[in-house]
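Here is a short briefing for a reader new to this structure. Look over the sequence and the model, then read on.

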Amino acid sequence: MNDFIFNIKTPQEVEELVASRIRMIRKRKKMSQVKLSEKSGVSLGSVKRFENTGDISFKSLIKISIALGIENELIDLFRQVPYESIEEVINEQNR
């Protein structure tokens, strides 16, 4: 279990990782930041800030995901979280 502690990322690291992945997907789809802004309804400033810092509201992240056609990735978020202990399994069965 101590190994898990060393794998914990900071909120900023997670934000930057998500932003990097979204930027990669946007570029793969050959979509400019301007086009993504127009298609998602998220301001261009917010799109740029998100891609540079990872800072974005969850609602805007949803809008961007829909505009990129990857909203199912968000819908499936936390769907299959692995158990960390037998106690978690028992707790789930007792709910």
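Helices (H or I, at least four residues) and strands (E, at least two) are DSSP runs, numbered from the N terminus. By that rule, Ser 40 lies in helix H3 (residues 33-40). The model is predicted, so local features need pLDDT of at least 70, side-chain atom pairs count only at pLDDT 80 or more, and totals for chains, interfaces and linings use all residues. Residues are numbered from 1 along each chain as its sequence is written, and side-chain values use heavy atoms, with hydrogens and water left out.

**Two serines**
- Ser 40 is buried, with a relative accessible area of 10%. Buried means under 20% relative accessible area, exposed over 50%, partly exposed in between (1.4 Å probe, protein chains only).
- A polar atom of the Ser 40 side chain lies 3.4 Å from the backbone oxygen of Ser 37. The backbone nitrogen of Val 42 lies 3.1 Å from a polar atom of that Ser 40 side chain.
- Beyond neighbours within four places in sequence, Ser 40 is in contact (heavy atoms within 4.5 Å) with Lys 63, Ile 64 and Ala 67.
- Ser 65 lies in helix H5. Ser 65 counts as buried, at 2% relative accessibility.

**Nonpolar core**
- A nonpolar core is a set of buried Ala, Val, Leu, Ile, Met, Phe, Trp, Tyr and Cys residues joined through side-chain atoms within 4.5 Å.
- The largest has 14 residues; those with the most contacts inside it are Ile 22, Leu 36, Phe 50, Ile 64 and Leu 68.
- Helix H2 (11-28), helix H4 (44-53) and H5 each give two or more residues to this core. H5 gives the most, with four residues.
- Leaving aside neighbours within four places in sequence, Ile 64 contacts residues including Ile 22, Leu 36 and Phe 50.

**Salt bridges**
- A salt bridge is a side-chain nitrogen of Lys or Arg within 4 Å of a carboxyl oxygen of Asp or Glu. The count comes to three salt bridges.
- Glu 51 pairs with Arg 26, the closest N and O atoms being 2.6 Å apart. This pair links distant parts of the chain: Glu 51 is in helix H4 and Arg 26 in helix H2, 25 residues apart. Both Glu 51 and Arg 26 are buried.
- Arg 49 forms a salt bridge with Asp 55, with the closest N and O atoms 3.3 Å apart. Arg 49 is partly exposed, at 38% relative accessible area, and Asp 55 is partly exposed, at 39%.
- Arg 79 and Asp 76 meet in a salt bridge (3.1 Å, N to O). Arg 79 counts as exposed, at 55% relative accessibility.

Conventions: Polar contact = N/O pair within 3.5 Å; in protein donor to acceptor, adjacent residues only side chain to side chain.
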